[in-house]
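Hi,

Here is the structure I promised to pass on to you. My notes on chain B follow it.

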Amino acid sequence: MNIGFLTENIGATQCSYFMIGFANKAVEYGLSPVIFQRTLHQPCQQLLCPCMFINEAWAYDGVMVATSIGCISQLLQFPSSNKKYYYVWDIGTSNLKGKVFGPLSKIIANPDVELICRCSDHKAMLENNYNVDVKHVVENFRFEELLEIIKQ
Amino acid sequence: MTKIKIVAHACEGNTYSGFEAAAKAKGYKWIWWDENMVALHDVLHEVKPDVVFTMQKNVRDGVIRAFTKYNITNVVGNVDKPFNFTVNKYSINGHNNILVDNREYEFALLVDTSVFNPQQPPVNPLLQCDIGITAKPCKVGLDVCTEVGKYNVKVLSDTEWSVPQYLGIGSLENKRDLYHQAKVVIVDQGIEEARAKLCRMNNVVLSWETDVDFDKLVSGEVRRHYADVLQSYEYALETLLELEQEQ
């Protein structure tokens, strides 16, 4: 099974650390994960899977998991018909300066995107703000829980 | 016929957007002026407008002299004779009403009725909620945002709110959809109040109000009605049409 992760970079952030942990475990599990990053960076821990620029994900054949609002907006422009998940690691959207409702709502409430939240507070906030149904809450890329969702 | 040129101050809340639609429909040239980009004197010199819509704070002695020099009709705040383009006319009226041929009309006339009107159905279901807020940060709004989960609150304001319910800046269409679908809206007094009331909103709370019982308003137990505003708006529109036909 191919799983593509889209991230800002694989540098020293909590998100990258847990995401690489998931990807490494997936390799041991016999899956084929690939990480796509928007800016080149040194990995914060040893990688056991390939890592490339995000433009390589354009026609990637596999399930896609985006981890930031920038990544998901880019993913939505890719032609792949695979399942697209937005793993909402943080509510970065609430801190954007001069944010505008229309473009953000089109991304978050997009019917092609399935949302996965990191905690129930994020879930409550997204459901309140965008009238969306967040079906999944997975803390810190927990392997078994996230894999179960992706396999569906 | 000479094309009438209008310069309008792009002030917060797009106060003059209602006039823009009306003026463009009549074939007039409409130019938005951003005070942060260019000084008013430069605009007057370069554009040589026939009419200038400004806010009270921009009207100073030098500006008044310039209006006289260039023979410009000035509309200050929400007053003067907006559709009667008699040049070299200058007046300030501090009220929240507008004057058309010395008759006063409700503030509702300033609303862009191509967007905000009772018949226009909402199109964006994402803006369905219990309480919609378009006001600047205010105590009554912050109170309902603090009680997370009690109400479905959405804040769509030009001024940034430090609450998780803040959705960002909304277009006029977004605001229209919010006014149509929210059970209660909290708005600033003035143009937004008129817009909300014209969307047949039943419960409009003004941002300075205190001791508001939101439970009763959201549940529909208490309803506020604004039939008088709708009536005055329809009456004023009729009069404007008559005036246009006379010209």
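**Notes on chain B**

Among contacts in chain B (C-beta atoms, placed from the backbone, within 7 Å) between residues at least 6 apart in sequence, 53% link residues at least 24 apart. Please keep in mind that this is a predicted model, in which local features need pLDDT of at least 70 and side-chain atom pairs count only at pLDDT 80 or more, while totals for chains, interfaces and linings use all residues. Residues are numbered from 1 along each chain as its sequence is written, with chains lettered from A and ligands numbered from 1 in the order in which they are written.

Chain B has eight helices and 11 strands, taken as DSSP runs numbered from the N terminus (helices H or I, at least four residues; strands E, at least two). Of its 247 residues, 37% are buried, that is, with 20 or more other C-beta atoms within 10 Å of their own, C-beta atoms being placed from the backbone.

Five strands form an open sheet in the order β9-β8-β7-β10-β11 (chain B), with parallel pairing; two strands pair if DSSP finds at least two bridges between them. Its edges are β9 (166-168) and β11 (204-206) of chain B, each pairing on one side only. Strand β8 (residues 153-156) of chain B pairs with β9(B) over two bridges, and Leu156(B) has Gly168(B) as its bridge partner there.

Now the helices. Helix α3 (residues 61-70) of chain B is hardly covered, with one buried residue among its 10. After α3(B) comes Asn71(B), with a positive phi near 60°.

Happy reading!

How values were computed:
A residue is buried if 20 or more other C-beta atoms lie within 10 Å of its own, exposed if 12 or fewer, and partly exposed in between; C-beta atoms are placed from the backbone. Two residues are in contact if their C-beta atoms, placed from the backbone, lie within 7 Å.
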